[in-house]
Amino acid sequence: MMKRIVIADDEPITRMDLCEMLQDHGYAIVGEASDGFDAVEMCRKSNPDLVLMDVKMPFLDGLKAAKVISNENLALSVVLLSAYSGNEFIEQAKEAGVMGYLVKPVDEKTLITSIEIAISKGEELKRIKQDYIKMKENLENRKVIEIAKGLMMKKYGFNEDEAYRHIRKLSMDKRCPMKKIAETILINEKEAL
């Protein structure tokens, strides 16, 4: 599948050169922007794999736009382009959550290598975030089920295994997740108090 890229640079000639280089290597350019604001909006619409963005742009610079894109998960990764290589820019880029920083002029080989690595790291980070969300959800579900088991053990004299089996059976009979059954048990017990 073609990797989808948004390019943001206030210089039309630079954008054109980058588009040409990337298209020659099989990338799909899904948007071009001349400022950070438009780059963010394009990302909201197209959710690209990568944003290749200049640091110095009018209206909203690349660093601030990169921060919005990263915080809102609008693209897998962001690579910044700049004529500046000072430490303050690099520190700001790290804080913005970018996956790469290239100093202009950039040659084709360096550009493609950096893009491939940035996309790969972006995909890896996405998987880690999804795993974290799933684990957090499972933990929350488990907490609710444990509390409901405890209430059932106390109220009906069930042992832990019996309480769990009772919740599981209700879940299967009602065709409803165990967490929902546990939440219902908790609601019923609160009203009984």
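Which residues is Val51 in contact with, leaving aside its neighbours within four places in sequence? The legends below start from that residue in this predicted model.

**View 1. Contacts of Val51.** Leaving aside its neighbours within four places in sequence, Val51 is in contact with Val6, Cys43 and Ile69, and also with Ala75, Ser77, Val78 and Val79.

**View 2. The largest nonpolar core.** This core has 22 residues, and those that touch the most other members are Val51, Met53, Ala66, Ile69, Val78, Leu80 and Val98. The greatest contribution is that of α3, with 4 residues.

**View 3. Another core, apart from the largest one.** Here you can find a separate set of 18 residues. Among them are Ile5, Leu81, Leu102 and Leu111.

**View 4. The packing of α2 against α3.** The axes of these two helices lie 9 Å apart, at an angle of about 20°. Angles under 35 degrees count as roughly parallel, so α2 is roughly parallel to α3. The crossing of α2 past α3 is right-handed.

**View 5. Residues where α2 meets α3.** From α2 come Gly36, Val40, Cys43 and Arg44, which meet Ala65, Val68 and Ile69 of α3. By type, the residues of this contact divide into 5 nonpolar, 1 polar and 1 charged.

Key: Residues are numbered from 1 along each chain as its sequence is written. This is a predicted model: local features need pLDDT of at least 70, side-chain atom pairs count only at pLDDT 80 or more; totals for chains, interfaces and linings use all residues. Side-chain values use heavy atoms; hydrogens and water are left out. A nonpolar core is a set of buried Ala, Val, Leu, Ile, Met, Phe, Trp, Tyr and Cys residues joined through side-chain atoms within 4.5 Å. Buried means under 20% relative accessible area, exposed over 50%, partly exposed in between (1.4 Å probe, protein chains only). Contact means heavy atoms within 4.5 Å. Axes are lines fitted to C-alpha atoms, for helices over the stretch in contact, and angles run from 0 to 180 degrees between N-to-C directions. Angles under 35 degrees count as roughly parallel, over 145 as roughly antiparallel, 65 to 115 as roughly perpendicular and the rest as oblique. A crossing is left-handed if the near helix is turned anticlockwise from the far one by less than a right angle, and right-handed if clockwise. Ala, Val, Leu, Ile, Met, Phe, Trp, Tyr, Cys and Pro count as nonpolar, Asp, Glu, Lys and Arg as charged, and the others, Gly among them, as polar.
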